[in-house]
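Please consult the sequence and structure shown below.

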Amino acid sequence: MSKFWSPLVNDLVPYVPGEQPKMANLVKLNTNENPFGPSPKVIEAIQAELNDGLRLYPDPEGESLRETIAAYHKITPEQIFLGNGSDEVLAHIFFGLFQHGEPILFPDITYSFYPVYCGLYNIESKKVPLTESFEINPEDFKQPNGGVIFPNPNAPTGRYLELQYVEEILAANPNRVVVVDEAYIDFGGESAITLVDKYPNLLVSQTLSKARSLAGLRVGFAVGHPDLIEALNRVKNSFNSYPLDRLALAGAKAAYEDEAWFRKCCDGVISERERVTAVLEGLGFEVLPSKANFIFARHKEQPGEVLAKGLREQGIIVRHFNKPRISEFLRITIGTVEQNDALIARLESL
Ligand SMILES: *Cc1c(COP(=O)(O)O)cnc(C)c1O
């Protein structure tokens, strides 16, 4: 605390990102990055932007990228809002669409940035418990609220909610915005983007950080009715007109133009996820069914904290949350075959 701080800063409880250790040779399975690099076409596109043009501001609307994403998802550019990573998009959503004087709803076990945005903008929230099997029950989201948000697949559980149940939540909340955070949707789920023309209260957020291997480029977006998009543009243009730089705009566009690379990376992650799941089950783990690029698993005898520590001693980093209901679990990002083999070997010896 300092006398120079605005009083609100005192009360902020910031998000704690998974660590980015400086050590080399780590098997880094803690922040759900893609083990495969970005498409070579992304690198080329970024390199082509490294020229005198950098003295100019980028396109504040990111029109060319929005056109590319719109064509890809068979929607219109007016239904897309771009941001500096989906975290920034989510922040603008909380500010622009969730301040109605009623608590917003999200699962008790979910992305831990949501309560942080609530703290930043002074938004009340109500945690909706997941079921015993860590699933979202749509019935629980049929209560008065100021908005609804959940990841699908959920994080850190990896559990996926079928679209028909997402629709149930949308239909039950016609006067509130329902945000589906699809950071992990490309690893086996079906996107709710196909529902935006049917539900004007639906906002879908996606990121290029996970399935498109571009966590370092910081590009995310939201898809929804143009009225919702306009709210986000108003907030954005009151905050930072140029959230995406020239390199990010070019790289992101190229990522959408290399479907073959994208498919190959997703398929690689999915097949490894199924293999690692089966092996861990053989070692006495309960592994929640995952449609993400990570698994959430607990061992029948060994505490999560002990396992995380034992892995770390061998240079393998996974995520352990010291939180109610999930302190026995490890969240393990699916890596390359070699990384996963190292993980398995170490877990066997533990
Ligand atoms: C990774 C993640 C994000 C943020 O992604 P960025 O685009 O890198 O900011 C958002 N939501 C969930 C659930 C995530 O896991």
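Which residue does UniProt list for "modified residue: N6-(pyridoxal phosphate)lysine"? The unreviewed UniProt entry lists Lys210; such annotations may be inferred rather than shown by experiment.

The model is predicted, so local features need pLDDT of at least 70 and side-chain atom pairs count only at pLDDT 80 or more, while totals for chains, interfaces and linings use all residues. Residues are numbered from 1 along each chain as its sequence is written, and side-chain values use heavy atoms, with hydrogens and water left out.

The two residues below are classed by relative accessible area (buried under 20%, exposed over 50%, partly exposed in between; 1.4 Å probe, protein chains only).

| Residue | Relative accessible area | Class |
|---|---|---|
| Lys210 | 16% | buried |
| Glu49 | 25% | partly exposed |

Lys210 lies in the loop between β7 (202–207) and β8 (220–224). Leaving aside residues up to four places away in sequence, Lys210 touches several residues, among them Thr31, Asn32, Phe187 and Asn293; contact means heavy atoms within 4.5 Å.

Glu49 is found in the loop between α2 (40–48) and α3 (63–73). Although Glu49 and Arg246 are 197 residues apart in sequence, their C-alpha atoms are 6.9 Å apart in space. With residues up to four places away in sequence not counted, Glu49 touches Leu54, Arg246, Leu247 and Ala250.

Helices and strands are DSSP runs (helices H or I, at least four residues; strands E, at least two), numbered from the N terminus.
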